[in-house]
Amino acid sequence: MSQQTLETVFEEWQGSEAIAEEMIPLLGKLYRQYNIVTSLFGRSLINQSVIRILKDHRFVKKVEGTELDVRDTFPLVKAMTELDLGPAHIDVGKLAVAYKTRGNGDVHAFLERELAEIVGGHQSNGNHNEPKDVVLYGFGRIGRILARILIEKAGGGNLLRLRAIVVRGRGDIAKDLEKRASLLRRDSVHGPFSGSIAVDAENSALIANGNYIKVIYADSPSEIDYTAYGIDNALIVDNTGMWRDEEGLSQHLACKGAAKALLTAPGKGDIKNVVYGINHADITSDDRIVSAASCTTNAIVPVLKAINDQYGIEHGHVETVHAYTNDQNLIDNYHKGDRRGRSAPLNMVLTETGAAKAVAKALPELTGKLTGNAIRVPIPNVSMAILNLNLHQDTDAEALNDYLRRMAVHSPMQKQIDYVDSPEVVSSDFVGNRHAGIVDAKATIADGKNAVLYVWYDNEFGYSCQVVRILQHMSNVSFLVFPKDRD
């Protein structure tokens, strides 16, 4: 390769960086001023770095087979800032691919056709809907990740405002707040918090990226009056797992200022177990207590639905290879659960999972068709579900993968199902992935009516994103989505 060619390649890269840098403030303007949530084939463009934006453009080639460059998307983003758009979710990548085939060289005319429903729809006084107060009851692994996501989304069209967290203990408040701020600021798995966190010890609060978050100390819900803190009609997200039935969770609803409760664990009894993207429409205005099911249930249900819709599932077995959790012991010690008393970082631990049975609550058509088991392994995050399925229809690995790729890119389950086709990926590559589950195409086995699928999932972050989606739905936060499905 000549020196001139090398210089040309480098100059092209620098040019792409410059365009991505120019695009970032435009994406921010669309989000904060117009409530436009932008993505690139399902990957969020909000608050992303230059390199992340360039990598996501490369991702399109892998899943869509189409080259996409920032030079293709930038003109669209720039034109969108000039159209006075109303709130929406817009996939800029899909629009750019469509523009290549039917744009006729006029960006504004193309966007005015494709986005006709929202062109000129911006309201300078903001969205008519009022922000919904959210309270995190418990501030452990899931609670802190939910806080990160809610803080990140504040200021756009999310309309969810994290107003308070509830924790136990009433010792040295200033010291306690500093410790909790530090845990939110630094995470051994998910890295540093993106932004600034300050402590207001006098008023028992954390200030994160301008979000004023009251820290309420209480040993039970009965001690709390949320209206005393200016919080009303709030969604209470129970991250403790202490109560999983209606009687226990109803304690939250007895608090002044609380409207509904969402459990971040499988619910018991008649509580609806919801996997967003699958059965969230089952939530009615009368439902005051809802469960977000488990991380594993969220990971496998979308893929199982996709497979069942296309091929039909006769029966199957789900084997979960799960990261260890805080429920296990660091070293051998007493534990009420079988085998869980053995050291989590030193052992693979065979244990039970209710995920296979829980599938039936979101997909009743699979009732009694699945069995399940789990192995806890010595890593702190990212798990895998192995779906061993017997199908009604014949298929092969290529056809099965092609179908799942299309589901990941072009179906309503785009935010639930991700797709990777690389021979080198390992668990740490999926830390921070926002999908419920990621199909590993290279591992797919299919022969006739037998199929084995490997589905990765970030059991902390991906699950928390699903929880936030349920919160948005319960708050009646909904947007038009563009481009429209032409199938």
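This is a predicted model: local features need pLDDT of at least 70, side-chain atom pairs count only at pLDDT 80 or more; totals for chains, interfaces and linings use all residues.
Reader: How many bridges join strand β13 to strand β16, and which residue is the bridge partner of E319 in β16?

Author: Strand β13 covers residues 313-323 and strand β16 covers residues 383-396, and the two run antiparallel, joined by eight bridges.

Reader: Is strand β8 largely enclosed or largely open, and why?

Author: A residue counts as buried when its relative accessible area is under 20%. Strand β8 runs over residues 211-217, and five of its seven residues are buried, so the rest of the structure leaves this strand largely enclosed.

Reader: Which strands are joined to β8, and how do they run?

Author: Strand β5, made of residues 160-167, is joined to β8 by four bridges and runs parallel to it, with V167 having Y217 as its bridge partner. Strand β7, made of residues 205-208, is also joined to β8 by four bridges, and A208 of this pairing stands opposite N211.

Reader: Which residue takes a positive phi in the hairpin of β7 and β8?

Author: The hairpin of β7 and β8 has two residues between its strands. The residue with a positive phi, near 50 degrees, is N209.

Reader: Which strands stand at the edges of the open sheet of four strands, and why?

Author: The four strands of this open sheet follow the order β2-β1-β3-β20, and their pairing is mixed. An edge strand here has a single partner strand, so one side of it is left without a neighbour in the sheet, and the strands in this position are β2 (43-44) and β20 (480-482).

Reader: Where is K361 found, and is this residue buried, partly exposed or exposed?

Author: K361 is found in helix α10, which covers residues 355-362, and is one of the residues, with R244, K268 and K336, that gather in a patch of positive charge on the surface. Because its relative accessibility is 43%, K361 counts as partly exposed.

How values were computed: Residues are numbered from 1 along each chain as its sequence is written. Side-chain values use heavy atoms; hydrogens and water are left out. Patches are made of residues with over 30% relative accessible area and no salt bridge: like charges are joined within 9 Å, nonpolar side chains (Val, Leu, Ile, Met, Phe, Trp, Tyr) within 5 Å. Accessible areas come from the Shrake-Rupley method with a 1.4 Å probe; for residues, only the protein chains shown count as cover. A salt bridge is a side-chain nitrogen of Lys or Arg within 4 Å of a carboxyl oxygen of Asp or Glu. Lys and Arg count as positive and Asp and Glu as negative; His and the chain ends are not counted. The place of a charge is taken as NZ of Lys, CZ of Arg, CG of Asp or CD of Glu. Buried means under 20% relative accessible area, exposed over 50%, partly exposed in between (1.4 Å probe, protein chains only). Two strands pair if DSSP finds at least two bridges between them.
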